[in-house]
Amino acid sequence: MNKYISTSLLIFITVFSFGQQRMPMQPDPMLNNWFANKPVPIMPMTDTPPPPPDVPLDGGLIALIAAGGAMGYKKYKDKNVE
Amino acid sequence: MNNNQSNSNQKGKQLRDFGAAFSDKGFRDFIIRFLSTLIILTLIYEAYLWFTEQQRELDWVTYKVSELSHALATALGVANCEFSCFMDGCRIGVEGRMINVIEGCNGLMLALVYASYIVGSGGVNTSSLVQVIVGIIVVQFFNVLRIGMLVVLQDIGGDAYFYFVKYIFNALIYLSILFLWILKPYVDKALNRQQ
């Protein structure tokens, strides 16, 4: 008798566990109806290409200003040596 | 240990030299002229940009650089090279492989730094004026060449475009400015000899 009970319990648990796995895949019938469903806005398909790349040139301005200062300093130093 | 000590002594000496340089009237005048010219020119340029933005137009320099670059790319053999300008910049190239020339790409800020150094170093005189005009033309020539070549490279495709846009053309323009600065004393001498 115990053998039948334990086999039935095993089958029940197995079937129950399969059912538990399948549950989230199916929508809740309480929420899946005309009143509960919220309207989803229809978005237009966006197939605009990404903008073309920029070709900036002023990335090293600070370095150029510093180089100008350094050249002026060198000029001053050379003049003092003379 | 001795090496570290000698390095720190050398750095200290360099800092003292730099401090001494500031106490020298000639160097101080150069720095003040250089930075004040740069600030004034930048303010004028920013005001011009603000004005064009209010007019909902693209600035003239960016437009002209883009137009000349487009002409160069077409002359270099880019077929169906298109050119369209908007408020924020110009797009040049073949459909699907265009490049965007915005205000930061027109090279004018570099030209302003170059001009500021010339004025800071030599003051406001005929020689400086000639060098500023020639320098701006040289910078813009290299910039048009750079953008035209980038359009061609973008059309060809491959990794070359990335390296050229990131390193080679930028280095070329910055080095041309440094080269013009190095040439300045010789140009001054030549112009003064003529006068």
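Let me start with one residue, Gln131(B), which is buried, with a relative accessible area of 5%, where buried means under 20% relative accessible area, exposed means over 50%, and partly exposed lies in between, using a 1.4 Å probe and protein chains only. Before I go on, please note that this is a predicted model, in which local features need pLDDT of at least 70, side-chain atom pairs count only at pLDDT 80 or more, and totals for chains, interfaces and linings use all residues. Residues are numbered from 1 along each chain as its sequence is written, chains are lettered from A and ligands numbered from 1 in the order in which they are written, and side-chain values use heavy atoms, with hydrogens and water left out.

Gln131(B) has its place in helix H5 of chain B, helices being DSSP runs of H or I with at least four residues, strands being runs of E with at least two, and both numbered from the N terminus. What does the side chain of Gln131(B) pair with in a polar contact? The partner is the side chain of Asp188(B), at 2.8 Å; a polar contact is a pair of N or O atoms within 3.5 Å, where within protein one must be able to donate a hydrogen and the other to accept it, and residues adjacent in sequence count only if both atoms are side-chain atoms.

Now to the largest nonpolar core, which has 50 residues; such a core is a set of buried Ala, Val, Leu, Ile, Met, Phe, Trp, Tyr and Cys residues joined through side-chain atoms within 4.5 Å. Leu110(B) and Trp181(B) touch the most other members, and H4(B) gives the most to this core, with 10 residues. Leaving aside neighbours within four places in sequence, Leu110(B) is in contact, meaning heavy atoms within 4.5 Å, with residues of both chains, among them Leu57(A), Leu61(A) and Val139(B).

That brings us to the interface, where 38 residues of chain B are in contact with 22 residues of chain A. The area buried between the two chains is about 2500 Å², of which carbon and sulfur atoms give 71%; buried area is the accessible area (1.4 Å probe) that two parts lose on being put together, summed over both. Across this interface the rule finds two residue pairs in polar contact, both at pLDDT 80 or more, and on the side of chain B that touches chain A, H6(B) gives the most, with nine residues.
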